[in-house]
Amino acid sequence: MKIWNGYTKGVNLGGWLSQCDYSHEHLEHFIEEKDIATLADWGVDHLRLPIDYNILQTEDGEWIPQGFTYIQRALDWCEKYHLNLILDLHKTVGYSFDKDEQETGFFYNKKYQEQFYCLWEEIAKRYAHYVDAVAFELLNEVTDEKTMGAWNEISQNCIRRIRAFAPTTKILIVGYWNNCVLAVKDLAEPADENIVYNFHCYEPLIFTHQGAWWLNGMPHDLKVPFAQSNAGIKTLTRNYLPDNEIILENIPDDDQPLDSHFFEKLFAEAVAVAEERNVSLYCGEYGVIDRAEPSDTLQWYHNIHEAFAKLQIGHAAWNYKGLNFGITDEHLKEVKDEIVQQM
């Protein structure tokens, strides 16, 4: 499969310029240069930076200069510590993967789409000169499969607009079911040789999001041990998250444990699609909630990293700190170094 050099192993900076309170104190200090130095010491080659549109533009599309200052700060730090950077638009006007953001209408509203295109043109104008040191991720996650036709058209229009200013910058596109690996097959054909197919992996969701308060049907006190078969995972999923059972259907063997082969089977279709279309395949998010046992979290990371290495899939772990998934947070202090070594 086509390897995306310079983006083989990374970490997300989620919660800095997205999913935050947007206060001056937070934006100035949640991520500082010392954090980038730490991440460079981990041996990663890139970072993924989620950004909400309202950091960069008003509801009417006016630019917010200070927002671009934060991006430039991140780029300067990455350049100093020899890291590449993915700029990920985590939400856009009229759409967010998080329904609580109450952003609606994007996929069928030409005004919102034009604002989206203009934002990406502005980003391209400002940062295309970084060439291979920066990449553009058009949108974080698409939730509804029914919007995929509209999204494919929008993404292709956006790529054409970006290419006027950034002809060779890598551009990542995503699919439905919150960028599920099973949606890769339905992504638009690559517009050029600099397109990357992107997916996220929090499978099995009943394990990685055990006790997650924001998931409908998830008991807040549910504990899910790692050491069980695919059959056990399917049963728990059917009981609490039935909409997610379909994601496990391409692993028919009920005796399959949650080892690296589980992930290889889960990724197999996407790998075949990427090979057929000659595009790189990349996993922009993967991780385990802080309610899981640290030893189980370590084993999950170990297995998914083995699969990434074998299949040559670049990846960025979610998350450096905070948002219930922080690798540097207190709950993982005993296993953090082992997780980092496995990346």
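Residues are numbered from 1 along each chain as its sequence is written, and side-chain values use heavy atoms, with hydrogens and water left out. Because the model is predicted, local features need pLDDT of at least 70 and side-chain atom pairs count only at pLDDT 80 or more, whereas totals for chains, interfaces and linings use all residues.

View 1. Glu264 belongs to helix 10, residues 260–277 (helices are DSSP runs of H or I with at least four residues, strands runs of E with at least two, numbered from the N terminus). Glu264 counts as buried because its relative accessibility is 15% (buried means under 20% relative accessible area, exposed over 50% and partly exposed in between, with a 1.4 Å probe and protein chains only). Leaving aside residues up to four places away in sequence, Glu264 touches Ala307, Lys310 and Leu311, where contact means heavy atoms within 4.5 Å.

**View 2. Helix 5 beside helix 6.** Helix 5 (residues 110–127) and helix 6 (residues 148–163) have axes that come within 9 Å and cross at roughly 35 degrees; these axes are lines fitted to C-alpha atoms over the stretch in contact, with angles from 0 to 180 degrees between N-to-C directions. Among the residues making the contact are Phe116 and Trp120 of helix 5, together with Trp151 and Ile154 of helix 6.

**View 3. Helix 2 and its cover.** Within helix 2 (residues 33–41), Asp35, Ile36, Ala37 and Leu39 are buried, and what covers the buried residues includes strand 1 (9–12), strand 2 (46–52) and helix 4 (65–80). Just after helix 2, Gly43 adopts a positive phi of about 90 degrees.
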